[in-house]
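User: I am new to this structure and would like to go through its strands and its chain contacts step by step. Could you take my questions in turn?

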Amino acid sequence: MSDIGKVRVRLPSSIKPGDVVRVRSLVIHPMERIERDSKGRIIDKKYLYINRVVATYLGKTVAAFDTTQSVSENPTFVFSFRATDPGTLTITFHDTHGGKYEGTADVKFV
Amino acid sequence: MKDHPVSRRRALVTLGALGLGASGLMLPAPRPAHAQALGQHETVDEALKRIFGARPMKDGSGVVKLDLPLIAENGAVVPVSVDVTSPMTPANHVKTIYVVADKNRIPVVFRAALGPEAGQAAVGATIRLGETGDVRAIVEQSDGTLLAVKREVKVTVGGCGG
């Protein structure tokens, strides 16, 4: 649990200006699933899971996910964006307990 | 305690009964404030009706590519990816991609909002599947048309718990 919120972002190794780049991102998160009591009723509590993922590049949102508990533990998310200028790609994960985890990757051209 | 008019046992029994009654009454009532808006405990038909209403859905099998394993040995982690052939221009792009797992207790898995900046309408994630069933991808384009595709996935060990 201590690793909760660790984010990894992967970009292809060589990017040319104008390329459509596919990004893989991973976050360490328990993504709690629904629990039931002995009678099979759903326990009503504030489950801890990621419900929003936002990726921004050059100040613009390139992809935004709204997620539910049907997403796996330690989820990966894949999306793409058009790399026009060098800059930073930031991915922010928000969970239901107000946690905010951020990962960044530098977009540079070789 | 002895001369108290209500014994401890009596009080506990009454409280228990009240609790049961109250939770029974709660069921049809609106969900509590922290309940999730997107993923709710419902059947897939209810979910689709809630999100899309009566909007017509076209078959998107020519345009939308939904990639999933045929057999998922571990339902707790199933990779899914959705690729849509789209020019992704401001006038014609994919606005949102929904992934819905029919047999999950929370059928809506995620909703991805994209824009022309994405360059390509392709998203992926790792999801949970409770049991063997259809997984759908529903794509909303910028002109409002909905395209749907579905695929059956066999799940060896379910991963949804609860």
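User: In which sense do β1(A) and strand β2 of chain A pair, and over how many bridges?

Analyst: This is a predicted model, in which local features need pLDDT of at least 70, side-chain atom pairs count only at pLDDT 80 or more, and totals for chains, interfaces and linings use all residues. Residues are numbered from 1 along each chain as its sequence is written, with chains lettered from A and ligands numbered from 1 in the order in which they are written. Strands are DSSP runs of E of at least two residues, numbered from the N terminus, and two of them pair if DSSP finds at least two bridges between them. For β1(A) and β2(A), residues 20-27, the sense is antiparallel, over 4 bridges.

User: Which strands stand at the edges of the open sheet, and why is one side of each left without a neighbour?

Analyst: The sheet has 6 strands in the order β1(A)-β2(A)-β5(A)-β7(B)-β4(B)-β2(B), with antiparallel pairing. Two of these strands have a single partner strand each, so one side is left without a neighbour in the sheet; they are β1 (7-10) of chain A and β2 (64-67) of chain B.

User: Which residue of β7(B) stands opposite A:V78?

Analyst: β5(A) and β7(B), residues 121-127, run antiparallel and are joined by 2 bridges. Within β7(B), the residue opposite A:V78 is B:G124.

User: How many residues of chain B are in contact with chain A?

Analyst: Residues are in contact if their C-beta atoms, placed from the backbone, lie within 7 Å. On the side of chain A that touches chain B, the elements giving two or more residues are β2, β4 (60-67) and β5 (76-82) of chain A. Chain A has 31 residues in contact with chain B, and the number for chain B is 35.

Definitions and conventions:
Contact = placed C-beta atoms within 7 Å.
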